[in-house]
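Reader: Please present the model, and then let us discuss its architecture in questions and answers.

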2 protein chains.
Amino acid sequence: MPVPPEVLLELARPLIHHRTPEFSAVLDSARELLKPLFGTCQEVVLFASSGTGAMEAAVVNLLDTSHHAVFVNGGKFGERWGKLIAAHGAIAHEVRVEWGRSVLPEQIDDALRANPAVRAVFVQASETSTGALHPVAEIGEVTRRRGTLLIVDGITSVGVFEQKMDEWGVDALVTGSQKALMLPPGLSMIALSNQALARAHQNNARGFYFDLLRELKAQRDEHTTAYTPASALVFGLNKALEVIHAETLPRVFARQLLMAKATRAAASALGLHILPDNPAPGVTAITTPDSIDSSKVVRYMRDELGVSIQGGQNHLKGRLIRIGHMGHLSVFDMLTAVSALEVALAKFGHRFESGAGVATVQTYIKRGFAGGA
Amino acid sequence: MPVPPEVLLELARPLIHHRTPEFSAVLDSARELLKPLFGTCQEVVLFASSGTGAMEAAVVNLLDTSHHAVFVNGGKFGERWGKLIAAHGAIAHEVRVEWGRSVLPEQIDDALRANPAVRAVFVQASETSTGALHPVAEIGEVTRRRGTLLIVDGITSVGVFEQKMDEWGVDALVTGSQKALMLPPGLSMIALSNQALARAHQNNARGFYFDLLRELKAQRDEHTTAYTPASALVFGLNKALEVIHAETLPRVFARQLLMAKATRAAASALGLHILPDNPAPGVTAITTPDSIDSSKVVRYMRDELGVSIQGGQNHLKGRLIRIGHMGHLSVFDMLTAVSALEVALAKFGHRFESGAGVATVQTYIKRGFAGGA
């Protein structure tokens, strides 16, 4: 994902030491500016790690090793929740969803009824590996009613579309720096509800590096981090959040949604199938025709056309292309991506009306800038 | 610590995606260029975390929760080993050393004789909080003879002075990006001996984010990282290592040692006391006279003179100033630091021969550039 030039320049500034009032001011500012993206009044805590680190923080702080938890496995990142829970020694109950489908709130309800010992439900807001959206608000109604915690991976949703953590009853929301936050990877963020904080306080083995209560205390009360922070990225984060708030969140969300709609419609116009029924606004996952190995499409686009898209993972390897539209991108970038995709598809023998994808994106460009996407 | 301009510019380059051949080539290169700094033929593994994360990786991969371990507590970072071991649920046996002193190899031997169940010894090569050097080579003789692992925090030693991990019998050596490696913080590195690797393979709970065997497999066999890497910092690391190897390691070590000697001698010339008996080349820890609160000296130098030094930690707060001389600094920077220190000491009422510190640094500058430090 591209990093805006003003953020790159921020990363190139001579480094200010992290035990200084200047760093504290920027840390405070960035944590405050994150709250509207999370839809929370709670404190947002940063870690020097990628998003998986903050996912592990959620698991080790909110589950004891003997606890039962439900996780939704509808893709590679859902599967990761299961691995994290098991690695921590807790008992993971899988709600399996065909990769590409969205979980139904009733499936969560059934799993909680079948396993009354379950203390927490782990899910993705947007499953990056399949482009599917999970219904977090509706799941929140179930978990609230059943009295369990709800932990959400928001790595490709925070900053992409509106999150209402507090309103939806989300007890932990996790994200990373490298998607909608327009930074290089290496920073993760997590916010906890009061209920989750209470649970963490009862937990006697919260690990060390990812001990959320220790980090919360340092960041909230001492305006610094417990351990050395990824300080250059924190300065960059504050700058990126200034850029986001200057554009305003509604416009940021609308820009990303316009890209998603244009990309989906273009794929359909090229005779391709969108994998998820309920697609997320951050990434469009498109299945390639059986005769075409999607890995070759990705490689050709990258090496010959200079256009970066992603392929499928695990059993979807070779069958999926994923076009990201998060962060510092516009619908004109989708024009480029779809144009390159047309070239690649033609090369690998897919039959379609040449130019149909580009023409479709163009209609969305016109609609978007006429004010009605 | 300052970051060299060529490294800052590297951080400001448009980001290359981390699942590409370009990133793999840079990851491979950086990991290879680190080996001489570690003094090892083993693989060096990177984590997107600060140094404490790699310290936790050493603990969770090499100890089971039931295992006994010895740690040397001679400062804040030694103390941290103890906290990490305890947080993991293992049994920590402290070898306490007065803060500022170096541990004696006999103390380790005694602790191992008294606790035959101990499987690993954890120590700092250089205890950053006190500026003391611990005798890693001699401790390695003891641990080899006693058949225990030796785990070393090299955060202020790797790249500062010669490390002979393989020769000294060090089983795990940890470092971070922000000291001698001249980068912003947010990357950590660790190398394991074959014996440590075998131990990790026996370990059935290695955590998730810091699972060393999983990262080793990804980085060695797949030329990528298991989870999203701090990619901008990895590009910066490769550039910083090119800068280091262009200067050559012997000259890098000599430059840092010259700064250390000049700083120590200048402190003595100002009538101040160096805290450690056996000082480390990376940081000089100086005790301030009883009448002077060192925190005020640090704050005055930072806010009024624009010169960044550090104070003491824990019970040494207010009693210690620490001058770092790692990474992208030269003995002329020590001229600045000592000059500013003279101004601050005079302001807070310390009596000394004005200019004596600066004159002392000047003699080291002359010696250094005449070729014989």
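**Domains, contacts and local geometry**

Author: The domain assignment of chain A, which is automatic or taken from a database, gives domain 1 (5-247) and domain 2 (249-369). The model is predicted: local features need pLDDT of at least 70, side-chain atom pairs count only at pLDDT 80 or more, and totals for chains, interfaces and linings use all residues. Residues are numbered from 1 along each chain as its sequence is written, while chains are lettered from A and ligands numbered from 1 in the order in which they are written.

Reader: How far apart do the C-alpha centres of domain 1 of chain A and domain 2 of chain A lie?

Author: The separation is taken between the C-alpha centres of the two domains of chain A. It is 28 Å.

Reader: Which elements give two or more residues to the side of domain 1 of chain A that touches domain 2 of chain A?

Author: Residues are in contact if their C-beta atoms, placed from the backbone, lie within 7 Å. The contact takes 23 residues from domain 1 of chain A and 24 residues from domain 2 of chain A. Helices (H or I, at least four residues) and strands (E, at least two) are DSSP runs, numbered from the N terminus. On the domain 1 side, the elements with two or more residues are strand E6 (132-133) and helix H10 (231-247) of chain A.

Reader: How many nonpolar, polar and charged residues has that side of domain 1 of chain A?

Author: Ala, Val, Leu, Ile, Met, Phe, Trp, Tyr, Cys and Pro count as nonpolar, Asp, Glu, Lys and Arg as charged, and the others, Gly among them, as polar. By these classes, the side of domain 1 of chain A that touches domain 2 of chain A has nine nonpolar, nine polar and five charged residues.

Reader: What radius of gyration has chain A, with its 373 residues?

Author: The radius of gyration is taken over C-alpha atoms, and the globule rule is 2.2 Å times the number of residues to the power 0.38. The C-alpha atoms of chain A fill a box of roughly 60 × 55 × 35 Å along the principal axes. For 373 residues, a compact globule would have a radius of gyration near 21 Å, and chain A agrees with this at 21 Å.

Reader: What percentage of the residues in chain A is buried?

Author: A residue is buried if 20 or more other C-beta atoms lie within 10 Å of its own, exposed if 12 or fewer, and partly exposed in between, with C-beta atoms placed from the backbone. Chain A has 14 helices and 13 strands. Of its 373 residues, the buried share is 58%.

Reader: Which residue of strand E8 of chain A is the bridge partner of Val152(A)?

Author: Strand E8 (residues 172-176) of chain A has five of its five residues buried, with Ala172(A), Val174(A) and Gly176(A) on one side and Leu173(A) and Thr175(A) on the other. Two strands pair if DSSP finds at least two bridges between them. Five bridges join E8(A) to the antiparallel strand E9 (residues 188-192) of chain A, and three join E8(A) to the parallel strand E7 (residues 149-153) of chain A. In E8(A), the partner of Val152(A) is Leu173(A).

Reader: Why do the buried residues of helix H6 of chain A line one face?

Author: In helix H6 (residues 136-146) of chain A, the buried residues are Val136(A), Ile139(A), Gly140(A), Val142(A) and Thr143(A). The arc is that of the directions from the helix axis to the C-beta atoms. Seen down the axis of H6(A), the buried residues line one face because they fall within an arc of 165°.

Reader: Which elements do the buried residues of helix H9 of chain B pack against?

Author: In helix H9 (residues 212-221) of chain B, Leu212(B), Glu215(B), Leu216(B) and Gln219(B) are buried. They fall within an arc of 100° seen down the axis of H9(B), so they line one face of the helix. They pack against helix H2 (21-38), strand E1 (44-47), H3, strand E9 (188-192) and helix H8 (194-202) of chain B.

Reader: Which helix gives the most to the side of chain B that touches chain A?

Author: The contact takes 37 residues from chain B and 37 residues from chain A. The chain B side divides into 21 nonpolar, 14 polar and two charged residues. With four residues, the helix that gives the most to this side is H3(B).

Reader: Is Thr248(A) buried or exposed?

Author: Thr248(A) lies in the loop between H10 and helix H11 (249-269) of chain A. Its phi is near 80°, a positive value in a residue other than glycine. With 10 other C-beta atoms within 10 Å, Thr248(A) is exposed.

How values were computed: Contact = placed C-beta atoms within 7 Å.
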